[in-house]
Structures are given as structure tokens and as C-alpha cells.
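I am opening this notebook to record what I looked up, entry by entry. The sequence and the structure come just below.

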Amino acid sequence: MHIDMHYYGTYCMARAAGLQKEVCQIIASAAQFVDDNHEEHEIEFKDGGKLNVMPTAYSLFSEENMARFDKEHRRVWVPFHFLPGNKGKGISERLICRQDSRISREMLNHCVSRIQEPFGLHILGIAAHVYADTFAHYGFSGVSSRWNEVHGGSIELNNDERDGEAEKRFEDKHGHTMKGLPNWRTVWDEVKSETVEFFTGALGHGAVLKYPDFPYLEWEFEYEHTEDTTDIPRRTDRNNLETYLEACRKLYELFSSLPRQFKDSSPAQATNFTQIEGFVRQILEVKEPSREERSKIWKIYAKKGKLFTQPEDILPYRGNLWKQKLKKLNRNFTVEQASKEHVIKFLQAAEIYRTYVLKELLPKHNLILD
């Protein structure tokens with residue numbers, strides 16, 4: 001999932017559930033910042049304090065991050081993007097992410113239980129990101145695994161011929177030559193898939209590119225492994241629209257369950273998800289590969305009063321401001337001053353969340369990875 005879901009979709013589900021606008025902004029900013037927090041941080045405070053934290057995501061193809069895959073992907077991809085579903089026999093199969101898994105619901109309940117902490121909204125935003133990702137990343141795991149390997153030529157897009165910006169640039173440059181070849185699109189898909197699979201060591205959903213991240217897409221592919229998993233067939237049909245819609249429903253229910261202190265004093269927005277389900281479906285089914293354009297659709301529907309009681313603007317994403325603030329903190333703020341900043345609360349929440357998942361939640365289910 002991209003910013004259109006992790007920020008705008010999360011914000012709208014929280015607001016529709018009646019949460020205060022500023023609360024929605026913090027939760028949704030934290031949800032998206034999970035993807036935008038790529039760097040390790042070592043911050044020294046003016047009064048001698050120090051903060052060391054790991055990223056919550058990596059840019060796949062930077063040299064520095066490629067070198068980290070073997071030793072650190074279990075501390076980033078597994079807890080934050082591919083929470084294990086714990087189904088199957090061997091540990092590799094049990095690490096495969098599943099939609100709305102028992103482990104993911106247990107994780108949500110734990111994070112909600114910490115909502116009164118100073119970092120409570122931030123850890124809930126992180127949890128919302130991870131939980132939403134189970135509806136996009138299911139069928140793949142956050143480690144390099146043969147279970148993630150896909151036959152590149154097997155990928156078929158059933159309701160969209162556009163494969164994104166990379167293909168557009170390739171077509172512009174070489175289309176006149178490639179289109180003279182039989183099945184050139186299938187060949188191109190296979191080259192992309194197998195290249196990404198090779199360079200990432202079959203990590204996550206790299207072999208199927210960004211297709212899990214397009215909300216409207218209906219598509220199919222075939223895994224390379226010959227064994228049947230517990231609930232995922234080798235030849236897999238995907239309807240992203242339906243799984244994204246279910247993710248929105250579950251997020252709405254999550255936010256509806258929060259204590260009254262986080263809710264708006266004005267009349268409730270949507271009293272149940274069915275009131276806005278049709279509009280959410282319309283947003284998700286727009287065939288637009290650009291995450292920026294998909295984000296605009298959420299903003300348009302909010303401003304037209306389709307999602308909330310009254311027409312209103314969606315408050316802006318704060319992640320870029322958090323990054324700017326982080327650069328100013330080093331040696332310029334005391335610990336007490338810095339602890340009031342949202343970015344510090346996010347980093348604190350991320351480390352608490354990471355420790356909980358890797359040291360408590362997963363070991364409880366006999367999955368020890370770190």
C-alpha cells in the first residue's frame with residue numbers, strides 16, 4: 001500500500017469513525033511515516049541524552065540498504081510490513097503474511113491498550129499500517145524465501161493494461177522495437193519480475209512488483225514452489241479492490257472502538273461503515289497507477305461531503321515536517337524538550353512496537369527471529 005491508503009485512507013476511516021481531526025492527522029501520519037522513515041537515527045541531546053533507533057522501512061535498491069538485507073530485514077520487513085500469519089508447517093511457511101490473521105488482531109489489541117501513553121496515537125498509527133498491509137501483502141513474507149518466488153511470465157493484469165511508470169519510460173524509448181515481437185508485454189513482465197526477485201533475494205512481494213499496491217487491480221500469478229500452502233493456491237487470483245475495501249472496513253471498526261476522549265464532540269460522522277462503503281468503493285476502483293492521483297480522489301470525496309457528515313478538507317500529512325524537525329533536534333534540544341515532539345514519539349513508539357512484536361508476540365507463537 002502507498003500513501004493514498006496509509007495516509008488518506010487511514011485518515012478518512014478514522015474521521016468517519018468520529019475521531020477528532022487532529023487525532024486523525026497524527027494516527028494517519030504515523031501510519032504513512034512507517035514507509036518514509038528509511039534512516040537509522042543517532043541523536044544526541046543538549047543535556048547528554050541519546051537516542052538510537054532503526055528504520056521502519058528501507059529503500060530497496062540503495063547499496064547501503066541492500067547490504068543490510070541478510071542481517072536486518074527480520075527487524076524491519078517482518079514486524080512492520082509482513083506480519084507473519086503463523087499458518088503451515090515449517091517456519092518459512094508460517095512467516096507468510098495472511099489477511100486479518102490472529103497474530104495481527106492480537107497486535108492491534110496490544111497497541112490499542114497503550115492508547116493513553118504519550119506515544120499512544122503514534123503506536124496506533126504504526127499498528128494501523130501493519131494491519132492494513134496484511135490485506136495487501138498476504139501470500140508473501142518479510143524474509144528472503146523460496147515461498148516468495150514467482151514465475152515472472154505468469155503475471156496477468158485482468159483489468160488494467162498499464163504497468164506503471166517504469167514500463168511507460170521503457171515503452172517510450174523502445175516500444176517501436178518491442179511491439180514487433182510476439183508477447184512482448186509478457187516478456188517485459190518476466191524480465192522485471194525476475195530481476196527484482198534476484199536483486200532482493202526473493203524478499204517480500206518484489207517478484208510481483210508493485211501490483212499488490214494498486215487498489216483497483218484484478219490480477220493473477222503463479223508461485224514457483226510446488227507445495228500447496230495452507231490457504232494460498234499456487235495459481236493465485238487477486239482482487240485488490242475487495243481486500244482493500246475490507247481493510248477500510250476493519251480500520252473503521254478499529255477507530256470506532258477508541259475511547260470517547262479521542263472523538264469529536266460534534267455528531268458522529270458515519271454511524272456504521274455501510275453508510276460510506278459505496279463511496280469508499282468508488283474511490284478504490286479508480287484505475288490510476290499514480291499514488292498522488294489516487295490520493296487526490298480521497299481529498300475530493302472528503303471535500304464534497306461524501307465521507308463525513310459535513311464537507312471538509314483532509315488535514316495534510318505531517319511526515320515531511322517530522323523529518324525536518326528530526327534534523328534540528330541533534331544537540332539543540334534537551335531530552336525533555338524533544339520528548340514533546342511528534343517525531344520523537346513516533347520513534348519511541350516504533351522501537352516499543354518492534355520489541356513487542358519480535359520479543360513477545362512472535363515468540364509467544366513459537367516464532368523467534370531476532
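Before the first entry I note that a polar contact is a pair of N or O atoms within 3.5 Å, where within protein one must be able to donate a hydrogen and the other to accept it, and residues adjacent in sequence count only if both atoms are side-chain atoms. I am working with a predicted model, in which local features need pLDDT of at least 70 and side-chain atom pairs count only at pLDDT 80 or more, while totals for chains, interfaces and linings use all residues. Residues are numbered from 1 along each chain as its sequence is written, and side-chain values use heavy atoms, with hydrogens and water left out.

**Entry on H6.** I found H6 in helix α1, residues 3–16, where helices (H or I, at least four residues) are DSSP runs numbered from the N terminus. With which side chain does the side chain of H6 make a polar contact? The partner is the side chain of D133, at 3.0 Å. H6 has 0% relative accessibility and therefore counts as buried, a word I use for under 20% relative accessible area with a 1.4 Å probe, protein chains only. Leaving aside neighbours within four places in sequence, H6 is in contact (heavy atoms within 4.5 Å) with residues including M1, A28, Q32, D35 and H129.

**Entry on P84.** I placed P84 in the loop between α4 (69–80) and α5 (91–94), and P84 is buried because its relative accessible area is 0%. Beyond its neighbours within four places in sequence, P84 is in contact with several residues, among them V78, R94, I103 and L367. From C-alpha to C-alpha, P84 and G139 are 9.9 Å apart in space, although 55 residues apart in sequence.

**Entry on α2 and α13.** I looked up how helix α2 (residues 21–36) packs with helix α13 (residues 319–329), and noted an angle of about 70 degrees with the axes 9 Å apart. Axes are lines fitted to C-alpha atoms over the stretch in contact, and angles run from 0 to 180 degrees between N-to-C directions. This makes α2 roughly perpendicular to α13, a label for angles of 65 to 115 degrees. The contact is made by I26, S29, A30, F33 and D36 of α2 and by G319, W322 and K323 of α13.

**Entry on the core.** A nonpolar core is a set of buried Ala, Val, Leu, Ile, Met, Phe, Trp, Tyr and Cys residues joined through side-chain atoms within 4.5 Å. The largest one has 88 residues, and F255 and W298 are among those with the most contacts inside it. Helix α15 (residues 342–364) gives the largest share of this core, 12 residues.

How values were computed: Helices (H or I, at least four residues) and strands (E, at least two) are DSSP runs, numbered from the N terminus. Buried means under 20% relative accessible area, exposed over 50%, partly exposed in between (1.4 Å probe, protein chains only). Angles under 35 degrees count as roughly parallel, over 145 as roughly antiparallel, 65 to 115 as roughly perpendicular and the rest as oblique.
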